[in-house]
Every structure is written in structure tokens, then in C-alpha cells.
Amino acid sequence: MAGVYVHIPFCKSRCIYCDFFSTTSLPLREKYVEMLCHEIKIRSQGLSAEERRIETIYLGGGTPSQLSIEQLRRIFDAVFDCFQVSEEAEITMEVNPDDVNATYLQGLKQLPVNRLSFGIQTFNDERLRFIRRRHTAQEAINVVHDCQAAGYRNISIDLMFGFPGETLEEWQSDIETALSLNVQHISAYSLMYEEGTALTRMLEAGEIEEIDEELSLQMYGTLVERLKKAGFEHYEISNFARPDRRSRHNSSYWHGIPYFGFGAGAHSYDGHARTWNANDLLIYIEGVETGSLATEGETLSMEQKYDECVMVGLRTCEGVDLQHIESVFGKQYLSYLLENAQPHLDSGKLCIEQNWMHLTEKGIYTSNDIISDLMRV
Ligand code: SF4
């Protein structure tokens, strides 16, 4: 086993675009932490020494920084008691800028966290209010500086582009502000209209308009070009890192490495099967308390494994190892892949180098279509 993911589903308020599993039922935090520690203990019982070896821990949400330092400490204690965490482990915590003050930061420093991931999204205050984030641009900038001053040398920020009415110049300004922060990692996603979100309801009611696709592609192109010029490695479609600062935890997902997921709605993968806890806080709490954790799962068929391997592989700069496809899935799968990739190889959107197939710069813009052409299911 290589990674532990811990889901903290609490948010002070809901952002209008969000379809992650999260809740504003903050009074349940204490009970949740108690159950989470219990789940970690129960599920780690009976694991072999090899299975207990952990290289990465990731606290995601929701908003992990909605927990107190004492609650976070208890979660880390449970993980460290139940697993053998490598001395070089990457330990990431997602943090919302408005949760961190000097006292909280002092507390954070006492925890084993060595990588912080800030959900900043944009440095435009009007847009931050529009998506209902609770911080301002200046607060986000200050908190990153404070964390750097406190000694954090591995900081990631999340950005979004393609807001209704956003111009290319405004997005360029966000990129420049992000670069001026001297962070080690940047994730950037185009704004998505997910079903059931307040944002999508606004779109459907005609209150806002999606930006056009051409502009969205231009924004993405500008991002890639500017971050590469600034020395970032574009190692996954939406992720950029300074040398040696890739997210090791997320990279392990992309390379099919097993992980444990703890907490409501968290997914786990053992290399063959995927299981997930109920994404309902009360059902989760009751399940752990009564010793009958509500989980669902599926054993991946060969075709699903192939699909996943190709899909996540092609999102990374290395691409898909063709030798791996042949040795794990057989010649028939390799032929299927090569046959379906041929039109994209011919058009220069895919290429093969040293037996690895990857998207070219041209192909990245239509990656979803290309990837879906190579799927089996
Ligand atoms: S803080 Fe994150 S998880 Fe919570 S509502 Fe906003 S985007 Fe969703």
C-alpha cells in the first residue's frame, strides 16, 4: 500500500460550483473525528507489514482546515499508530486561506504536514464573491507568504479559469499573481458546470453565460506556455510543478498505486477492487459506531483496468507504457490501443517515443475526445 487519503467533509459554506461531498453541519465535526480515528484503527487491523507501509498521506475535503489543530492531531496520531509512515512521506493538507491565522499556523507547524494545498481559485475579488469563496485575493496572498515565512517549502495552489465574463487579460493577471507567490505547485482547472450545483442552475436560468470554447482553449494555452516559461513542469493535464515538486500522492493515483481512503465518501483501491464509504455523514457515523461500515465496491474487470490505465496514463506527461499494456493486458489490448490511436498519431495529436504513447501539445486540447476513442467500455 502506498497512500492514505483522509476525507474531511466540512465546509463553512458551499461554493456555487462545487459537487464534492461536503456538508456545512459543523457541529458534527467532533463526532466525525472520533469515528474517523476508529475507522482507521479497525480497517488497519490484520494488515501485513508491507500493507502498512505508507509513502503519502493526503487530507482533503471539504475543508480539512475547518478542524481544530487538536482534532487534526488525533487523526494524524491514528494514522501514525496504525501505519508505518515513511520518514520521507509527503503529507499534504488542503487549506482554505480564510481559516489560517497566526495561532492556527503555529498549531499546523506542530503537525507532521509538510505540504499545503490552498484552494485560492482566483485573485479577482469580484469573482471570489461570485463563486462564494470566503477569502479575498489579498488574504490568499498574505496566507501563502505567512506559510512560507513559517518554513513551508512545498506549497500548492488551485486556480480556476473560464468564469462567465472573464477575459484573457484577467486570466493572465491571475497567472502572474500566482507566479509572484513563488509556490512549488499549481493546479488549474476550467470552471465546470456540474449537475445540481447553484452555478448550473444560474446557467439554466439564463443568469450567466458560459465563456466560449475558443477562449477557454486560449486560456489553457496561455497557462501552459507561461508556466513552462517560468520553469514549471507540465506533468499532468491540469498540474504543474517545480522540479521535484510533483504531487506524489496524486501521481500515485495516476500510476494505479493502491491507497486507503478513510472517512465519509472516501474511496480505496487495492490494485484490483475499488471500494467507497457512504457519502452521507450520518450513515457513515452510525456505520462506524455500530461496527457495520456502509461501503460499496466493485472489482474492476480487465477492460475497466485497461480503460483506467490508458485514461490516467494519457493525462500525464509520460503517457502510457505500451510494454506494460502488452504484459498486463495482452497483445489483443495493445493492438486495440494502437489501432484506435492511429488517426490521432497521424494527425500529430498523439506520439510514441521509446514505447510510451503520450499526447502532444496539439493533442492536449482535445484530450477528452482522444482518450474516449481509446476506451473499451
Ligand atoms: S470549500 Fe471546497 S469542498 Fe467546500 S464547498 Fe467550496 S469547493 Fe466545495
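1. **The ligand shell.** The residues surrounding the ligand are C11, S13, R14, C15, Y17, C18, F20, G62, T63, N96 and R133. This is a predicted model. Sorted by class, the shell has 5 nonpolar, 4 polar and 2 charged residues.

2. **Helix α4, buried side.** Helix α4 covers residues 102-109. Y104, L105, G107 and L108 are its buried residues. Looking down the axis of α4, these buried residues fall within an arc of 160 degrees, so they line one face of the helix.

3. **Helix α4, other side and start.** A102, T103 and Q106 are exposed on the other side of α4. At the start of the helix, N101 contributes a side-chain oxygen, which reaches to within 3.2 Å of the backbone nitrogen of T103.

4. **Helix α11, buried side.** Helix α11 spans residues 281-289. Buried here are L281, Y284, I285, G287 and V288. Down the axis of α11, the buried residues fall within an arc of 165 degrees, so they too line one face of their helix. Their packing partners are α1 (29-44) and β11 (273-277).

5. **Helix α11, exposed side.** Which exposed residues sit on the face of α11 turned away from its buried side? They are L282 and E286.

6. **The ends of α11.** At the start, a side-chain oxygen of D280 comes to within 3.0 Å of the backbone nitrogen of L282. Just after the helix, look at G291: its phi is positive, at about 75 degrees.

Definitions and conventions:
Residues are numbered from 1 along each chain as its sequence is written. This is a predicted model: local features need pLDDT of at least 70, side-chain atom pairs count only at pLDDT 80 or more; totals for chains, interfaces and linings use all residues. Side-chain values use heavy atoms; hydrogens and water are left out. A residue is near a molecule or strand if one of its heavy atoms lies within 4 Å of it. Ala, Val, Leu, Ile, Met, Phe, Trp, Tyr, Cys and Pro count as nonpolar, Asp, Glu, Lys and Arg as charged, and the others, Gly among them, as polar. Buried means under 20% relative accessible area, exposed over 50%, partly exposed in between (1.4 Å probe, protein chains only). Helices (H or I, at least four residues) and strands (E, at least two) are DSSP runs, numbered from the N terminus. The arc is that of the directions from the helix axis to the C-beta atoms. Contact means heavy atoms within 4.5 Å. A polar contact is a pair of N or O atoms within 3.5 Å; within protein, one must be able to donate a hydrogen and the other to accept it, and residues adjacent in sequence count only if both atoms are side-chain atoms.
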